[in-house]
Number of protein chains: 2
Amino acid sequence: MPRPSRWPEILQAAGQEFREHGYENATLEGIATRVGILKGSVYNYVDSKEDLLLAVVEQPARALLAELDRLLADADSGVAVRLRELVRMQVRIFSEYYPAAFVYLEHLGRLELSPRFAEFRRMDARYMEAVEALVAEGAASGEFSLAAEPRIVARALVGMVDWMQHWFTPHGEEADIRLADQLFALALGGLAAGGSMRAMLGALPDPLVVET
Amino acid sequence: MPRPSRWPEILQAAGQEFREHGYENATLEGIATRVGILKGSVYNYVDSKEDLLLAVVEQPARALLAELDRLLADADSGVAVRLRELVRMQVRIFSEYYPAAFVYLEHLGRLELSPRFAEFRRMDARYMEAVEALVAEGAASGEFSLAAEPRIVARALVGMVDWMQHWFTPHGEEADIRLADQLFALALGGLAAGGSMRAMLGALPDPLVVET
DNA sequence: AGCGTTGGCAAACAGACGTTTGCCATGGGC
DNA sequence: GCCCATGGCAAACGTCTGTTTGCCAACGCT
């Protein structure tokens, strides 16, 4: 039996510390103490503190993009259905990679980071474009009837979902999906959604349910 | 003629540096250089770096709360109208206190800050409660027909608006109001808002327009 | 004119923290 | 049983940066 590596613990501890204190305030000593080792020992696994952030952020980022691709490939379903899947997907990743996914969100915006994070910023840009395209497609097909330009709408939707970093904690798969659907219903129908809107929401098919 | 104080310049420079680099990465030297003095000289105006953050954040925070009070006092208009005013108000403050208001948003969430920031966290909590109460009132009065619990709806709305820190830049009073109204229209009518919804939006009165 | 306050400069200080180094215990493979 | 890679420990290093201190020029006031 090989001596168990403590890399997973370190990764998890780093994620939690980054989440609680922010990258700049988090200390290597805090992370190491959480695992039960000294801060110097962390350098047996990484070359720098930034490497830790990179490692924490990489998993949720890749998962998000992979699912986005899967989702965009499914051009058969209506736009509303794809958008609902998008929201569900994102909530699922928030939950599955908690709190790493929130570390990702929080630190993407920060400049200052080395060029090694450029890839993630590109990924984020691609994500925004995808949402905007989805919204625009819905408007073009008549499925949506927008009260604002697609870009504004896309930003508002993303904000609604990404803002969850300030209040969301996982509550199990079922509850998470319910939450995602509530958010999506609000996005689709708005505050004033009457009975007809809710009927329409209830009638949406479930073609993309992920087997887990 | 008294020797002109450089406090306003320092405050503005601090706001910009905090906005661009984040509080922790911003350096006193960067702020001082922006004004054209040395970092030590800043201590003629402040006792600590934290004081600077406090000063930057205080103005937009107080303005926001003051306007919120004014807005909540107006119980005569319908809930939708008050909610639209809320969005307009917030965009206006983002614009008027740019970028200080975004520094406020960005750093409220961070823990680590001294107890002196507790007041702002209370203010934020009060703000959230107000939005939630507004939403609930709309649901109770029949003006809204919610697809989710008021608390979720309130969080989504706040997220939509507060996320603007990642893409908004002021474009003049008129354009800002137009933008606010687009966001509000999306919140009220959703993606699928049909022609009837837009007609209803257009028919909303303007009882709270602020004289500027 | 003389005096006190304001505020900038230059330099040094101090603490925090990321990183490096040398050492040693462990445990699997030949 | 020997060897070596792994990984932890302890301590030191170096830098960055917030903060302090002493000095002095500029200016307003009496």
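Predicted model: local features only at pLDDT ≥ 70, side-chain atom pairs only at ≥ 80, totals over all residues.
UniProt annotations may be inferred rather than shown by experiment, and their positions are given here in the numbering used for this structure. With that caution, the unreviewed UniProt entry assigns a "DNA-binding region" to residues 27-46 of chain A.

The domain assignment of chain A places residues 1-47 in domain 1 and residues 57-201 in domain 2. The centres of domain 1 and domain 2 of chain A, taken over C-alpha atoms, are separated by 30 Å. Contact between these two domains involves 5 residues of domain 1 of chain A and 5 residues of domain 2 of chain A, and the side contributed by domain 1 of chain A consists of 2 nonpolar, 2 polar and 1 charged residues.

Between the chains, the contact draws on 41 residues of chain A and 41 residues of chain B. On the side of chain A that touches chain B, the elements that give two or more residues are α1 (7-21), α7 (150-162), α8 (173-189) and α9 (195-202) of chain A. Of the elements on this side, α7(A) gives the most, supplying 8 residues. When the residues of chain A on the side that touches chain B are divided by class, 22 are nonpolar, 12 are polar and 7 are charged.

Technical notes:
Residues numbered from 1 in each chain as written. Chains lettered and ligands numbered in written order. Contact = placed C-beta atoms within 7 Å. Helix = DSSP H or I, 4+ residues; strand = E, 2+ residues; numbered from the N terminus. Nonpolar A, V, L, I, M, F, W, Y, C, P; charged D, E, K, R; others polar. Domains from an automatic or database assignment.
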